[in-house]
Amino acid sequence: MNKTLRKPATLGVLSAAVGAALFAAYAPAQAVTIATPVTVKGVVAGTLFTAPVISDTPSLAKASQTAASVYAGATVCFDANNNGVCDAGETSTVSKADGSFLITGRAPAPLIADISTKATNGGKPVVQHLVLRVAQEQITSAIKSPALPVSLAVTPVSTEVVRMIEANGTNYATESAALAGRLGLTVSETLADPNTLSGNAKTAVMTESVALTNRWAYASKIADRGDVASVVAAEQAAMNVEGIPRYDHIFVIMLENKATLSIKGSAYAPNINRYLSQGNQFTSYFATGNPSEPNYTALGGADDWGITDDNQWNCGATGANAVQDLPTPDKSQPGLGSSPFNATCAQATNHNIVGRANIFNALSSAGLKWRTYSESMNPGQDFRTDSATDNAVKAMDHVYAPGTVGPNASAIGNPNLQLPMPAGLYKTKHHPGMAYQNVRSAPEFKANNRTLGGGQWDAAMVASSAYAVPAGYDIDQFGTDLESGDVGQLNFVVPDQCDDMHGISVSGTDLSTKKSGTASDCSSVSNAVSASAVSPIITRGDNYVRYVVEKIEASPLWRNPNKRAAIVIMFDEGNATSGFNSCCGWNPVSTNVDAPLVASNGAASRDATVAGYGSGNKGHGESIFGLLTNQAAAPKQLVDSDYYSHFSFVRTLQDMFGLADPADPFSYMNRSKYTQAFIASNLTLLPEYAGSADGHFDSVRPMNHSYVFPSNYTQKQSNDVNTPAQTGPDANQINLWSLK
Amino acid sequence: MHFLKAALLGSAFAALVGSAHATTFNFSYSFDPANTGNGEAVTITGTFDGVEVGDLISSITNASLFVNGTAFSGPLTIGGFNSSTGEVSSNAVISADLGKSNFIFTDNTSSPNNLFWVADGTAFAVKYDLLDVNNNGTIGFEDATNAHWTLSAAAVPEPATYLLMAGGLAAIGFVSRRRRQA
């Protein structure tokens, strides 16, 4: 920093009285330009994250732990050339056992802490090299006097400020304020040594620190192996793994059983179509299985493991797949008096997936949070069971005025029809994590499964449920969490079977005629119902989507421009069962197909341990996948027509949250690793791909819009799409997840 | 002009009076190696003149300091110091008890090459041009600790010694005058 200051007076031989007059240290006398030397008294600090123990056995599973920590033995230097390396000749020192350091510079410069595996974090060996940084501006802004050392902490959070400055071409004031705004803290709190914080500030900084530490460790990993030119570039790359930017929160609204042709352009789904046109849409999105349960299971872990039905998660779970839940659901628990759950379920196909990776535990292992929000559960019920009938809970039929259900000319619905709460509004088959034993065994499982409001029977449920309503029961924890910000990084928002367009039988009694009747808007329609066919349930689901979207959009976190939030509107499956009904990690044959390849001692091998595996993953056509973000500068109204599936989405989530390394295919879970390159390099082990005529169509990729279709290429479509197949590339290749 | 002349005369008088009471002190402060830039010892030594009243020394002048034996560049500014704001005042106070001390020695208050201050229970010294093998300056920062601090008056003749010397000179003068008269 060059400062124009007055030349100071000196006093050595003058009397104190005269000295006092001349000792106005910074009063102008003789302007000279000088570099202000700086001393930094700092600490290299962060968090010591102890990963959870992931186990199928509940007694062995342990939650993660996070503690504020310091790094000892880190090389701290003024990185004068800002290359993220302590080069020879650059002033350096080493952090002490308490993480502290003292370093001097003739002029302020960027400061970095190069943390090698010889350093320790909270007294534990550092397992992955990483570099933490402090902006030069952070140092200069902290200088009060040339005679005072600057006090600061070199942390993962200070590093993020530097990265943001470099990414956005802005400055320290802007980005430190932005990051503080994202965490809901002051700049001082945001950039503090977490060891000095307490309460919410400490929690927020530590949570962010854990996430960022993973990113910076990955950055150094790819820089050290030469994937990128420098740590500086690597830190940007670490926030855009495979082109997928980091989001703070993503809300995935799950809808049911409608092919693209049933929704796209449908007058019964005006809200969804509006969101699709206002936001971004992936127009070639394929289901991976049929019916619901395999699709949700695939959304939870990029595989359906051969499940081809909606049966209970304990079905066929014998031997090594035996259920280990403690306790197993029983009817004595609140809300389960008439539960359909049966402790035994003999079936050939195992529905209890044991020992497999999934997005839930991957997030937990990285110190990130997940939530599922499910609607219309019985108060206090065990979410491992389907919801039960509650005749004490009654709601009136929905009545739609003319013009509110497509082109209806007359009202739809019976205002006198009273509907007892039916069974099965909540179904475990619609929980993306339910099939995974190690998800159900995780200590956080119960707390992470929460209620979702907006249901037809909500008010009556709280007021008159036949079951014991737990004290403090919140029938809309989703709304509460949106207000507080206590949502997950990944949030599956799962409406009940009326609001998700699935449809169930809901009947009641007309209070005036005493005759029975059927609910106006919960009768199911075909997965491939014509967009012009009268479909009140589609309108019901469409209205519910609007309810959820508007609720999210009204929340403080969505309205905070410093938080990056996204809403996905998607369906579990379309309709096609033949032709090009499956893409992207597909499994078209029922023989000679094994579970995803595994790596052992660096070599890939087949995994034949899953009986009946070849029956699954066969796709079920195309459906809607819309994307909204809260980022004002994010590109809108984009279309990506590349081929994606649930496996692609899981891969995208792994990239979004920094859970995998593209250079290591086996770091991606299950079938999400089946990229075209991976398949090609392991083709002898993957006979299901031997007959592939279109390697791109049949393989997995992140949803990053990087693939450019050849000009003469006509896209493949399933037969449940109502638009002509596209020939040639998209209008542009802009990534639909882009933040700006 | 008249004012300046008066001020200079006044200050000259003050200096004369001050010097009449000033004492030269030696001091040393050794930072704990755990509180230095590279984990090695940093010791500040030096001398200054000051007027001691009770256990406080003020009117500090004529300071010379060394960091690990290397002289501070100067001339040195001497003053009091506010460790919160970094402001320098004229009221340096030094005591054998660092808790009562408040002082700064520096060659430059805008762009110091070296400085040493104790204030508000904290001790800080840096010499930017005395570099270690990693180009880090010589630096110490810690809670000011009396156990790390020595302060003592330099050995100078006692007043009785001056009187004896003056008497001797007078006697010599008297004898010489008698001899010239004779």
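A: Happy to. One term first: two strands count as paired if DSSP finds at least two bridges between them. Please also keep in mind that this is a predicted model.

With that term in hand, let us start with a sheet in chain A, an open one of 3 strands in the order E28-E17-E31, whose pairing is mixed. At its edges stand E28 (622-623) and E31 (644-645) of chain A; each has a single partner strand, so one side of each is left without a neighbour in the sheet. The pairing of E17 (residues 285-286) of chain A with E31(A) is parallel and is made by 2 bridges.

Next come two helices of chain A, H10 (residues 292-301) and H18 (residues 646-656). Their axes come within 7 Å of each other and cross at roughly 25°. Angles under 35 degrees count as roughly parallel, and that makes H10(A) roughly parallel to H18(A). The hand of this crossing is right-handed. On the H10(A) side, the residues in contact are Asn295(A), Ala298(A), Leu299(A) and Gly301(A), and they meet His646(A), Phe647(A), Phe649(A) and Val650(A) of H18(A). Sorted by class, this contact holds 5 nonpolar and 3 polar residues, with no charged ones.

H9(A) brings Pro270(A), Asn271(A), Ile272(A) and Tyr275(A) to the contact, where they meet Asp542(A), Asn543(A), Val545(A), Arg546(A) and Val549(A) of H16(A). The class count for this pair is 5 nonpolar, 2 polar and 2 charged residues.

The domain assignment divides chain A into domain 1 (2-34), domain 2 (38-238) and domain 3 (249-698). Between the C-alpha centres of domain 2 and domain 3 of chain A the distance is 38 Å. Where the two touch, 24 residues come from domain 2 of chain A and 23 residues from domain 3 of chain A. On the domain 2 side of this contact in chain A, helices H4 (172-183) and H6 (199-224) each supply at least two residues. H6(A) gives the largest share of that side, 5 residues. By class, the side of domain 2 of chain A that touches domain 3 of chain A consists of 12 nonpolar, 7 polar and 5 charged residues.

H4(A) has a helix neighbour to examine as well: H3 (residues 156-168) of chain A. The axes of H3(A) and H4(A) come within 9 Å and cross at roughly 125°, which makes H3(A) oblique to H4(A). H3(A) passes H4(A) in a right-handed crossing. From H3(A), Val157(A), Glu160(A), Val161(A), Met164(A), Ile165(A) and Asn168(A) meet Tyr172(A), Glu175(A), Ser176(A), Ala178(A) and Leu179(A) of H4(A). That contact has 7 nonpolar, 2 polar and 2 charged residues.

Chain A also has an open sheet of 4 strands, in the order E6-E5-E8-E11 and with antiparallel pairing. Its edge strands are E6 (92-94) and E11 (130-134) of chain A, each of which pairs on one side only. On average, neighbouring strands of this sheet are turned by 20° against each other, direction ignored. Between E5 (residues 75-78) of chain A and E6(A), the antiparallel pairing runs over 3 bridges. One pair to pick out here is Thr75(A) with its bridge partner Val94(A) in E6(A).

A last stop for your tour is Glu242(A), in the loop between strand E13 (240-241) and strand E14 (244-245) of chain A. The phi of Glu242(A) is near 55°, a positive value in a residue other than glycine.

Key
Residues are numbered from 1 along each chain as its sequence is written. Chains are lettered from A and ligands numbered from 1 in the order in which they are written. This is a predicted model: local features need pLDDT of at least 70, side-chain atom pairs count only at pLDDT 80 or more; totals for chains, interfaces and linings use all residues. Domain bounds come from an automatic or database domain assignment. Two residues are in contact if their C-beta atoms, placed from the backbone, lie within 7 Å. Ala, Val, Leu, Ile, Met, Phe, Trp, Tyr, Cys and Pro count as nonpolar, Asp, Glu, Lys and Arg as charged, and the others, Gly among them, as polar. Axes are lines fitted to C-alpha atoms, for helices over the stretch in contact, and angles run from 0 to 180 degrees between N-to-C directions. Angles under 35 degrees count as roughly parallel, over 145 as roughly antiparallel, 65 to 115 as roughly perpendicular and the rest as oblique. A crossing is left-handed if the near helix is turned anticlockwise from the far one by less than a right angle, and right-handed if clockwise.
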